[in-house]
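Please keep the sequence and the three-dimensional view at hand while reading.

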Amino acid sequence: MTRILTVISGKGGVGKTTTVSNLGAALLQKGKNVIILDANVTTPNLSLHLGIPFYPTTIHDVLRKDRDVNEAIYHHPSGLRIVPASLSIDAMKDVNVKKLERVLWNLLGQADIIIVDAAAGLGKEAQAAIDVADELIIVTNPELPAVTDALKTIRLAEDYGTKVMGAIVNRFRGKSYELPLDEIEDMLEVPILTIIPEDLSIPKSISLKVPVVNYRPGCRSSLRFKRLAGKIAGERRRRARIKKPWFKRFFKWS
Ligand SMILES: Nc1ncnc2c1ncn2[C@@H]1O[C@H](COP(=O)(O)OP(=O)(O)OP(=O)(O)O)[C@@H](O)[C@H]1O
Ligand SMILES: [Mg+2]
């Protein structure tokens, strides 16, 4: 069965696309069959994060001209499959985001997980990405404007009856001026799935057009993305082995 996860935020620029490319790459490393799809049709940049060259068929052609979404699947060298968006302003015209549902319908069965990169805000684009999702991941930064807007997204998701898996707090520095994590959780009333630190490896990886989980697999943000991917993939965390008390180890039969 294909799971559709939409990564969304209220406020723009908080780290949705970074999350989509890295969760996608980390899930792939965990053996999942993944498609990531750019549903941010007005200000798309998933293809820029991943260095996708000009691609003849994009999500815009699928939404505008009823082209088959399978023609718009780009096979990235990393193994990720990506439905990119066009960077041209003209392509935006006459795009009907309501068709997104049918697009995803046509992709069902082709992947274990489809991750949708949504537009920020509460407009039609964001609504369409909420509507198609089985579950939402909300991305926020530890500051009041981002969290307030995230709350609006969560309320909108409630209107659509879309389940919110939880929130990612991105660009966390651990500074006193940041909104405390327990306050963020209290405000949003959803679990915090992970905390991604402010990490220079991220802009560096974007400049090199590779996910940070590939660029620096051992850096702090990569480890968090990979752990979250494990949770999403349903991996159980290995429990620390509890040593038997010495007297039980002494008697081998115990
Ligand atoms: N954890 C982080 N540490 C440092 N920089 C980060 C981190 N996460 C994201 N950034 C930077 O923030 C910028 C915006 O990230 P991104 O494009 O993922 O946000 P977005 O929510 O998708 O934006 P938009 O709303 O415009 O689609 C990027 O240039 C990236 O380098
Ligand atoms: Mg984005």
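Helices (H or I, at least four residues) and strands (E, at least two) are DSSP runs, numbered from the N terminus. Under this scheme, Ser-201 belongs to helix H9, which covers residues 201–208. The model discussed here is predicted.

**The surroundings of Ser-201**

Is Ser-201 buried, partly exposed or exposed? A residue is buried if 20 or more other C-beta atoms lie within 10 Å of its own, and exposed if 12 or fewer do. Ser-201 has 17 C-beta neighbours inside 10 Å, and therefore counts as partly exposed. Leaving aside residues up to four places away in sequence, Ser-201 touches Val-212, Tyr-215, Arg-216, Cys-219 and Ser-221. Pro-211 is ten residues from Ser-201 along the chain, and the C-alpha atoms of these two residues are separated by 9.8 Å.

**The sheet**

Eight strands make up an open sheet with mixed pairing, and their order is S3-S4-S2-S5-S1-S6-S7-S8. At the edges are strand S3 (74–75) and strand S8 (192–197), each of which pairs on one side only. Strands S6 and S7 run parallel and are joined by six bridges. Within this pair, Leu-136 stands opposite Val-164 in S7.

| Element | Residues |
|---|---|
| Strand S6 | residues 135–140 |
| Strand S7 | residues 163–172 |
| Helix H6 | residues 124–131 |
| Helix H7 | residues 144–160 |

**Helices and their packing**

Helix H1 (residues 16–29) lies across strands S1, S2, S5, S6 and S7, and runs at about 165° to S5. Helices H6 and H7 pack with their axes 10 Å apart, at an angle of about 55°. H6 is therefore oblique to H7. Their crossing is right-handed. In this contact, Gln-127, Ile-130 and Asp-131 of H6 meet Leu-156, Ala-157 and Tyr-160 of H7.

**The nonpolar core**

In soluble globular proteins, nonpolar side chains tend to be buried together. In this model, the largest nonpolar core contains 73 residues. Which residues have the most contacts inside it? They are Ile-115, Val-116, Ala-129 and Ile-138. Helix H1 supplies the largest share of this core, six residues. The contacts of Ile-115, not counting residues up to four places away in sequence, are Leu-5, Val-7, Val-20, Leu-23, Gly-24, Val-34 and Ile-36.

Key. Residues are numbered from 1 along each chain as its sequence is written. Chains are lettered from A and ligands numbered from 1 in the order in which they are written. This is a predicted model: local features need pLDDT of at least 70, side-chain atom pairs count only at pLDDT 80 or more; totals for chains, interfaces and linings use all residues. Two strands pair if DSSP finds at least two bridges between them. Two residues are in contact if their C-beta atoms, placed from the backbone, lie within 7 Å. Axes are lines fitted to C-alpha atoms, for helices over the stretch in contact, and angles run from 0 to 180 degrees between N-to-C directions. A nonpolar core is a set of buried Ala, Val, Leu, Ile, Met, Phe, Trp, Tyr and Cys residues joined through C-beta atoms within 7 Å. Angles under 35 degrees count as roughly parallel, over 145 as roughly antiparallel, 65 to 115 as roughly perpendicular and the rest as oblique. A crossing is left-handed if the near helix is turned anticlockwise from the far one by less than a right angle, and right-handed if clockwise.
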